[in-house]
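Me: Hi! Could you help me look at a few residues in this one? I'm new to this.

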Amino acid sequence: MTVSRFGQLAFTPAVRRQQEVHGSARAYAAQAVGDDEPDRMSPDDAAFISARDSFYLATVTETGWPYIQHRGGPPGFVHVLDEQTLAFADVRGNRQYVTTGNLDTDDRVSLFFMDYARQARLKVLGHAAHHDVADLAAADPALPERLLDVRTDGKVEQIIVVRVEALAWNCPQHIPQKFTVAELNPVIERLTSRIALLEQQLATQDASATASSPATSARTAAATRGAR
């Protein structure tokens with residue numbers, strides 16, 4: 001079994017005790033040991049993240065409460081900068097700034113990337129920081145330009161950079177299969193075109209059948225005689 005940095009961080013003594021109670025400790029034993037090196041995103045991990053149009057971001061408040069926010073944008077708005085770094089332009093929302101404030105006191109974050117259509121889920125643990133765009137541009141002029149090229153619509157207030165610590169793929173069990181409008185539109189368009197073609201064919205067949213029916217022929221003949 002592959003050693004998992006995610007398991008090292010998530011499988012605390014209390015979690016291990018519960019695994020013992022429920023009989024899963026042996027299955028996860030190898031994932032709770034190993035060195036302390038952070039995970040690196042594989043090309044498949046990076047491609048999955050880059051294809052997402054939303055994700056969930058969890059931070060920790062000063063009082064120890066977990067806090068979750070949703071972030072959305074066009075596919076690619078979460079940029080994979082390298083094997084261990086994610087970044088995205090954060091736009092103005094409801095102006096509560098709970099996530100931003102939390103990062104000032106605890107940089108630990110958890111991200112959930114969901115693909116409901118394919119019932120896949122990638123969990124990421126990491127350390128995050130928020131940066132002023134101008135400050136980031138002064139340090140690396142090319143980076144803000146790259147991050148602002150594909151981003152969420154709205155006024156950009158800051159750049160959030162996440163240093164990945166651990167990754168974990170979840171099994172698809174119980175993930176509801178959902179499709180976005182963008183995913184369904186091509187299918188709907190094909191079905192609509194097919195229905196229109198079939199309706200046209202039926203109308204043509206009905207017209208042809210009506211024209212060739214005995215009753216129609218008799219009425220046509222009577223009308224012709226009357227015209228004479």
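Reply: Happy to! Gln119 lies in the loop between strand S5 (108-115) and strand S6 (120-131); strands are DSSP runs of E of at least two residues, helices are runs of H or I of at least four, and both are numbered from the N terminus. This is a predicted model, where local features need pLDDT of at least 70, side-chain atom pairs count only at pLDDT 80 or more, and totals for chains, interfaces and linings use all residues. Residues are numbered from 1 along each chain as its sequence is written, and side-chain values use heavy atoms, leaving out hydrogens and water.

Me: What is the phi of Gln119 like?

Reply: Gln119 has a positive phi of about 55°, although it is not a glycine. Most residues other than glycine have a negative phi.

Me: And where is Arg95 found?

Reply: Arg95 is in the loop between strand S4 (85-91) and helix H5 (98-105). Its phi is also positive, near 65°.

Me: Is Arg95 buried or exposed?

Reply: Arg95 counts as exposed because its relative accessibility is 51%; buried means under 20% relative accessible area, exposed over 50% and partly exposed in between (1.4 Å probe, protein chains only).

Me: New topic: why does Gln69 count as buried?

Reply: Because its relative accessibility is 14%. Gln69 is found in strand S2 (residues 66-72).

Me: Which residues is Gln69 in contact with, leaving aside neighbours within four places in sequence?

Reply: Those are Phe55, Tyr56, Leu57 and Thr99, where contact means heavy atoms within 4.5 Å.
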